[in-house]
Amino acid sequence: PVCSMGNSTSRLYSALAKTLSSGAVSQQQECLEQPDSARLDPIDPKDLLEECQIVLQKRPPRFQRDFVDLKKNAASNHRPIRVMQWNILAQALGEGKDNFVQCPMEALKWEERKCLILEEILAYKPDILCLQEVDHYFDTFEPLLSRLGYQCTFFPKPWSPCLDVEQNNGPDGCALFFLKDRFELINSANIRLTAMKLKTNQVAIAQTLKCNETGRLFCIAVTHLKARTGWERFRSAQGCDLLQNLKSITQGAKIPLIICGDFNAEPTEEVYREFSNSSLNLNSAYKLLSPDGQSEPPYTTWKIRPSGECRHTLDYIWYSQHALNVNSALGLLTEEQIGPNRLPSFNYPSDHLSLVCDFSFNQDPDRLL
């Protein structure tokens with residue numbers, strides 16, 4: 001087959017293969033300094049998907065997940081905005097620190113695992129993509145996703161645990177990608193979260209975008225809060241800091257807001273209540289999948305570590321419920337699909353499930369409640 005831009009698939013394969021090398025820091029620097037004119041041609045997503053499938057041909061096929069229609073007969077006169085939230089699992093942590101005792105090391109090989117990640121992204125075609133634990137930004141995600149038409153932003157953790165792993169690929173952090181043909185960047189803020197007035201190792205990116213089709217402004221934010229039991233008050237303080245920043249950026253919720261993140265917090269935690277009760281009038285999109293619209297999914301991450309099985313709801317897509325409607329949300333994997341060895345696996349590249357929602361603007365922008 002021939003790509004639409006005239007490159008043969010074999011050339012595309014060599015571009016994909018080039019992103020496999022992992023000479024971390026010097027490559028990052030070169031990539032940062034590479035002028036726009038030196039950027040490679042656009043990629044047809046179908047061709048990249050084909051290439052991923054060739055690499056993955058010995059692995060089991062992708063799991064089938066279906067979108068659940070959540071529209072309450074709200075007719076919208078614009079294309080929905082598809083937002084994807086995903087902690088993709090940093091490669092250095094997956095191989096070096098996380099101790100997934102039931103996951104064969106072979107399943108974590110970056111050459112194949114990165115194709116599983118790309119396959120998931122290409123399957124759902126998000127307009128906006130929010131990722132955590134990205135430690136292959138400069139050699140994989142930025143070069144490939146920019147060629148798919150995304151504008152790319154990365155904010156690494158100041159003291160990433162990836163740097164403690166031998167042969168790491170640099171620090172992990174949050175990354176935000178949006179399609180340039182759908183949105184215009186109005187403002188971008190990299191936020192280093194504070195807790196008890198101290199700067200922490202956790203970060204967020206918040207970008208104000210203009211939807212080209214409607215002319216409407218909205219803010220999209222991505223974050224990853226502190227992990228582990230015993231840090232609940234710390235996460236709560238980080239959440240308060242992020243909310244304060246977002247109040248300022250959205251002019252007190254005048255600009256609609258979507259926040260994606262791995263909050264490392266169950267719905268019983270204080271930080272969850274802070275977001276639920278915030279003056280920004282936020283709701284958690286995945287609650288809408290429950291029969292009463294009030295309960296979070298039973299899990300968004302499921303893994304087995306030496307200490308035992310960990311099944312938690314930690315990942316969320318929050319949104320301004322006065323200004324945005326959730327048209328649909330991607331159903332989660334079932335326990336049967338996940339399998340007895342849990343995640344990650346030969347079938348699925350991360351220990352966290354991706355969350356995907358389609359949003360539309362409320363037709364009455366002045367309605368606050």
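This is a predicted model: local features need pLDDT of at least 70, side-chain atom pairs count only at pLDDT 80 or more; totals for chains, interfaces and linings use all residues.
Two strands count as paired here if DSSP finds at least two bridges between them.

S14 covers residues 324–330 and S15 covers residues 355–361; the two run antiparallel and are joined by five bridges. One of the residues involved is Asn 325, whose bridge partner in S15 is Ser 360.

Zooming out, this pair belongs to an open sheet of seven strands with mixed pairing, and the order is S1-S14-S15-S2-S3-S5-S4. At the edges sit S1 (67–69) and S4 (150–156), each of which pairs on one side only. Going from one strand to the next, the twist averages 20 degrees.

H5 lies across S1, S2 (81–87), S3 (128–134), S14 and S15. H6 packs on the sheet too, touching S3, S4 and S5 (173–179). Here are their directions:

| Helix | Residues | Reference strand | Angle |
|---|---|---|---|
| H5 | 110–124 | S2 | about 160 degrees |
| H6 | 137–147 | S4 | about 160 degrees |

**Around Gln 91**

Now for a single side chain. Gln 91 sits in helix H4, which spans residues 91–96. Is Gln 91 buried or exposed? Its relative accessible area is 5%, and the cut-off for buried is under 20%, so Gln 91 counts as buried.

A polar atom of the Gln 91 side chain lies 2.8 Å from the backbone oxygen of Leu 108. The side chain of Gln 91 also makes a polar contact with the side chain of Arg 113, at 2.8 Å. Leaving aside residues up to four places away in sequence, Gln 91 touches Leu 108, Lys 109, Trp 110, Arg 113, Asp 135 and His 136.

**Helix H7**

Next up is H7, residues 232–249. This helix has 18 residues and reaches 26 Å from its first C-alpha to its last, close to the 26 Å expected at 1.5 Å a residue.

Which elements do the buried residues of H7 pack against? On the strand side, they meet S6 (183–195), S7 (198–211), S8 (217–224), S9 (257–262) and S10 (282–284), and helix H8 (270–276) is there as well. The buried residues of H7 include Phe 234, Arg 235, Gln 238 and Asp 241, along with Leu 242, Leu 243, Leu 246 and Ile 249. Ser 236, Ala 237 and Gly 239 are buried too.

After H7 comes Gln 251, which has a positive phi near 55 degrees.

Conventions
Residues are numbered from 1 along each chain as its sequence is written. Side-chain values use heavy atoms; hydrogens and water are left out. Helices (H or I, at least four residues) and strands (E, at least two) are DSSP runs, numbered from the N terminus. Axes are lines fitted to C-alpha atoms, for helices over the stretch in contact, and angles run from 0 to 180 degrees between N-to-C directions. Contact means heavy atoms within 4.5 Å. The expected span of a helix is 1.5 Å times one less than its number of residues. Buried means under 20% relative accessible area, exposed over 50%, partly exposed in between (1.4 Å probe, protein chains only). A polar contact is a pair of N or O atoms within 3.5 Å; within protein, one must be able to donate a hydrogen and the other to accept it, and residues adjacent in sequence count only if both atoms are side-chain atoms.
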